[in-house]
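Here are some exercises to work through with the model open in your viewer. Try each task yourself before you read the solution below it.

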Amino acid sequence: MRGIAPVLVAGLVAASLVACAPIESAEFRVVTTTTQITDFTEQVVGESGSVYALLQANQSAHSFDPSARDLLELSRADALVMNGEHLEPWVDDAIAASGFTGSVIVASDPVSVQSRDGVVDPHVWTDPKNASKMTQFIADSLSQLNPDRSDAYRRNAAKYEQQLSLLDDWIRGTLDQVPAERRLLVTNHDAFTYFVSAYDITLVGSIIPEFDDNAEPSAADIDALIEKIAQTGVRAIFAESSIAPKLAQTVAAEAGIQVFAGENSLYSDTLGARGSGADTYISATIHNVSLLAQAWGVAPLPVPKELQNV
Ligand SMILES: [Zn+2]
């Protein structure tokens, strides 16, 4: 009997490993909304599972129609990770239509929100410090829901938060080369409240002066903006990758200043498509800040090694 005991034990261990393997990650399904939320969630989940993204690059989060496949994935999901603060007004309908019964993780929960005229700006992720809080919150929430993977979630989140901290340092170093009174920004829609307050930038105006990119500016709004551009000495208008740049081009031409559009747009509500060089939160933010530096006449600091190709 003594002779076979170790074999039996080894056999039992092997059997239990095999039995355990499929229970982890593969069976824990996570669905995400925006491209930024997808990136933060994928950073947390890492190799330990897969994430199904509802929104693809260049889609607006403010208005979205889930496909039949999206609803199917949602119906099977254990968790839905979303931004919140009314960025995704279509989510309640999608949850009802799919019959989703999992847990909803609202990633903006730990962020202190800013509002104007009583309306909260939902674009909280544009400040990397908020991105870091959101990532931490996603990791904590997923850890509670799927404790088997909590070590991996927390380890992955900690590593990503270090990168976000380096990103924040790099942005600060790059923009500090420009005197604060010259850090003037005009964008397409109001998507950068948190970014501008983090880096002491003045948002002179937006072509669509609303947090929602579906709104239409009036002729009087446009005239007022052109007047403000002339008064403040803004050097450039930035279009956004998710919004047609025609109005931005018209305003820039009338104001006699430069317009950054097309490949030189800012990434606001969406990250870039795969292969664009801006398909992650970190690379899209580096893209944005490099453009701002260029418009303000300074060179971006060298990008730290840890932030290259991530
Ligand atoms: Zn937006």
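**Exercise 1. Find the loop that holds N58, and decide how exposed N58 is.**

Solution. Bear in mind that this is a predicted model.
- Step 1: Go to the loop between β2 and α3 (68-76), where N58 sits.
- Step 2: Read the backbone angle: phi of N58 is near 70°, a positive value in a residue that is not glycine. Most residues other than glycine have a negative phi.
- Step 3: Count neighbours. N58 has 16 C-beta neighbours inside 10 Å, so it counts as partly exposed.

**Exercise 2. Where does E85 lie, and is E85 buried or exposed?**

Solution. 
- Step 1: E85 belongs to the loop between β3 and α4 (91-98).
- Step 2: Its phi is near 60°, again positive in a residue other than glycine.

**Exercise 3. Check the length of helix α8 (residues 219-232) against its number of residues.**

Solution. 
- Step 1: The helix has 14 residues, and at 1.5 Å a residue they should span 20 Å. The expected span uses one less than the number of residues.
- Step 2: Look just past the helix: G233 takes a positive phi of about 80°.

**Exercise 4. Work out how well α2 is covered, and by what.**

Solution. 
- Step 1: Ten of the eleven residues of α2 are buried, so the helix is mostly covered. Among them are I37, F40, V44 and V45, along with T35 and D39.
- Step 2: The cover over these buried residues includes strands β1 (30-32), β2 (51-53) and β3 (79-82), as well as helices α5, α6 and α10 (281-295).
- Step 3: Past the end of α2 comes G46, with a positive phi near 55°.

**Exercise 5. Which residues does T280 touch, leaving aside its neighbours within four places in sequence?**

Solution. 
- Step 1: Locate T280 in the loop between β10 (258-260) and α10.
- Step 2: With 22 C-beta neighbours inside 10 Å, T280 counts as buried.
- Step 3: Its contacts beyond four places in sequence are D39, L271 and V310.
- Step 4: Compare with F40, which is 240 residues away along the chain: the C-alpha atoms of T280 and F40 are separated by 9.0 Å.

**Exercise 6. Describe how domain 1 and domain 2 meet.**

Solution. 
- Step 1: The domain assignment gives domain 1 (24-172) and domain 2 (178-307), and their C-alpha centres lie 24 Å apart.
- Step 2: Across the boundary, 29 residues of domain 1 are in contact with 32 residues of domain 2.
- Step 3: On the domain 1 side, α2 (35-45), α5 (128-145) and α6 each supply at least two residues. Helix α6 gives the most, with six.
- Step 4: By type, the domain 1 side divides into twelve nonpolar, twelve polar and five charged residues.

**Exercise 7. Which residues touch the most other members of the largest nonpolar core?**

Solution. 
- Step 1: This core has 77 residues, and L80, V81, A107 and I138 touch the most other members.
- Step 2: Helix α6 (residues 150-175) gives the most to the core, with nine residues.
- Step 3: At least three core residues come from each of domain 1 and domain 2.
- Step 4: Take L80 in detail. Beyond four places in sequence, L80 touches V31, L74, F100, G102, V104 and I105.

Note on methods: Residues numbered from 1 in each chain as written. Predicted model: local features only at pLDDT ≥ 70, side-chain atom pairs only at ≥ 80, totals over all residues. Core = buried A, V, L, I, M, F, W, Y, C linked by C-beta atoms within 7 Å. Buried ≥ 20, exposed ≤ 12 C-beta atoms within 10 Å, placed from the backbone. Helix = DSSP H or I, 4+ residues; strand = E, 2+ residues; numbered from the N terminus. Domains from an automatic or database assignment. Contact = placed C-beta atoms within 7 Å. Nonpolar A, V, L, I, M, F, W, Y, C, P; charged D, E, K, R; others polar.
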